[in-house]
Amino acid sequence: MKTALFCSMIVLGVMPLTASAEEVSSSFSWGAVTFQPRAYIGYADYELKSSTFTFTPAKGDPYTSSLKFNAQGNDKIPLSGFIGGIGGTIATGQFFGDFYYQSTLNETAYSNMEEQKGDVVYRYGDVDAKHYDWALSLGYMITEQWSVFAGYKSGKTNWDQSYNYNDPVSDLFHGSGSTDGKFEQNGPFLGTSYSFQIGPGALTFKIAYAYLDGEYEDNSQGKSYIIEPQPVLYNQVVYLDGNSNAYSLGLSWTQSLTDNLGYSIGLNYHRYEFDLSGSGTLAGSVGGGFVITTPINGEISSGTLTEELFTLTAAMTYRF
């Protein structure tokens, strides 16, 4: 029986930002509209990391520092573990369209810990984080092996933490707070893939380029008691935005199990490096009364955030 290659856009699901010509059917007709949903699970290794930025306060001299994602002062968000997603491809003639959504679980990037600085004991809660993304794309089969595609993708990473501290001897100084942040990126992409039919399946190589806008926001709030009952309340906000030239590579093996049912196993890697700038503010009040600001208010520039994602996934597909 002659095997035909069906173009299945596994975009950031089985293959981030990529499309392919993959064998999933033994009797596909290009003259009809075909829909192929898919579901997949796998392993993801993710990291969002800050470089050194230049802080120029409204008062005082400029200084350099990386962004701090939690109360302990870590400059990266690492995640590893389960990833799952759904998607679907619709095709007619040599044209096809694809959509997908995928997400990690809410993972612990950093576990709770306790440390003492001088006479004060600090208790940091877990830093919980989650990454998810989605994409829409359109493609064209130049040959049975070679396809090109373009589309739009969006992704987001969230994290949060709570903490408290006190002087266990006198308890005159104590307080609590929380921090939460997010990094969002979105924009257009384009790419190409090429498949080699080997025996009952197809081996596909994929590469894609994206130009993405990125937005970073971090919020911290809390209260400190130095002299009861007047607490010092504070709220700090850092906001940055910029863009990135982003690249993605992928390798997959796809094979049909029946006339309509197939599977795919994929390895994927992408790296996005965003040049960001923006501002930071820290405002506070004493006992809910007089409002104060500190010299941290000012501009933030000359830094990057790097996002990397490696996935190993297995997908099941069905052709209608």
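pLDDT is the predictor's confidence in each residue, on a scale from 0 to 100. The structure above is a predicted model.

**Exercise 1. Confidence**

Find which strand has the lowest confidence and which has the highest.

Solution. 
Step 1. Start with the whole protein. The average pLDDT is 86, and 86% of the residues score at least 70.
Step 2. Go to the strands. Strand 2 (residues 21-25) has the lowest confidence, with a mean of 36. Strand 8 (residues 107-110) has the highest, at 96.
Step 3. Look at the start of the chain. Over residues 1-30, pLDDT stays under 50. For these residues the model has 149 contacts beyond four places in sequence.

**Exercise 2. Aromatic pairs**

Classify the pair Y101 and Y132 as stacked, tilted or edge-to-face.

Solution. 
Step 1. Recall the cut-offs. Ring centres must lie within 6.5 Å; planes under 30 degrees apart are stacked, over 60 edge-to-face, and the rest tilted. By this rule there are 18 aromatic pairs.
Step 2. Apply the rule. The centres of Y101 and Y132 are 6.1 Å apart and the planes meet at 40 degrees, so this pair is tilted.
Step 3. Place the residues. Y101 belongs to strand 7 (residues 95-104) and Y132 to strand 11 (residues 127-141), so the pair ties together parts 31 residues apart in sequence.
Step 4. Y101 is partly exposed, at 36% relative accessible area. Y132 is partly exposed too, at 23%.

Solution. 
Step 1. Y209 has 28% relative accessibility and counts as partly exposed.

**Exercise 3. A ring cluster**

Which residues do ring pairs link into a cluster with Y122?

Solution. 
Step 1. Ring pairs join Y122 to a cluster with Y124, Y165 and F173.
Step 2. Look over the face of Y122. K117 lies there, 5.3 Å from the ring centre.

**Exercise 4. Nonpolar cores**

Which residues have the most contacts inside the largest nonpolar core?

Solution. 
Step 1. The largest core holds 35 residues. W159 and Y216 have the most contacts inside it.
Step 2. List partners of Y216, leaving aside neighbours within four places in sequence. Among them are L67, F69, W159, F183, V238, L240, L276 and L305. K68 and K182 are also in contact with Y216.
Step 3. Find the separate core. Another core, of 5 residues, lies apart from the largest one and includes V120, Y124, Y163 and Y165.

**Exercise 5. Buried or exposed?**

Decide whether H270, S252 and S302 are buried or exposed.

Solution. 
Step 1. Use the cut-offs: buried is under 20% relative accessible area, and exposed is over 50%.
Step 2. H270 is in strand 16 (residues 261-286). Its relative accessible area is 1%, so H270 is buried. The side chain of H270 makes a polar contact with the side chain of Y272, at 3.5 Å.
Step 3. S252 lies in strand 15. S252 has 1% relative accessibility, so it is buried. From S252 to A314 is 62 residues in sequence and 9.6 Å in space, C-alpha to C-alpha.
Step 4. S302 is in strand 18 (residues 298-318). At 58% relative accessibility, S302 is exposed.
Step 5. Now check the backbone. Most residues other than glycine have a negative phi. S302 is not a glycine, yet its phi is positive, about 60 degrees.

Note on methods. Residues are numbered from 1 along each chain as its sequence is written. This is a predicted model: local features need pLDDT of at least 70, side-chain atom pairs count only at pLDDT 80 or more; totals for chains, interfaces and linings use all residues. Side-chain values use heavy atoms; hydrogens and water are left out. Rings of Phe, Tyr and Trp (its six-membered ring) pair if their centres lie within 6.5 Å; planes under 30 degrees apart count as stacked, over 60 as edge-to-face and the rest as tilted. Helices (H or I, at least four residues) and strands (E, at least two) are DSSP runs, numbered from the N terminus. Buried means under 20% relative accessible area, exposed over 50%, partly exposed in between (1.4 Å probe, protein chains only). A charge sits over a ring if NZ of Lys or CZ of Arg is within 6 Å of the ring centre and within 35 degrees of the ring normal. Contact means heavy atoms within 4.5 Å. A nonpolar core is a set of buried Ala, Val, Leu, Ile, Met, Phe, Trp, Tyr and Cys residues joined through side-chain atoms within 4.5 Å. A polar contact is a pair of N or O atoms within 3.5 Å; within protein, one must be able to donate a hydrogen and the other to accept it, and residues adjacent in sequence count only if both atoms are side-chain atoms.
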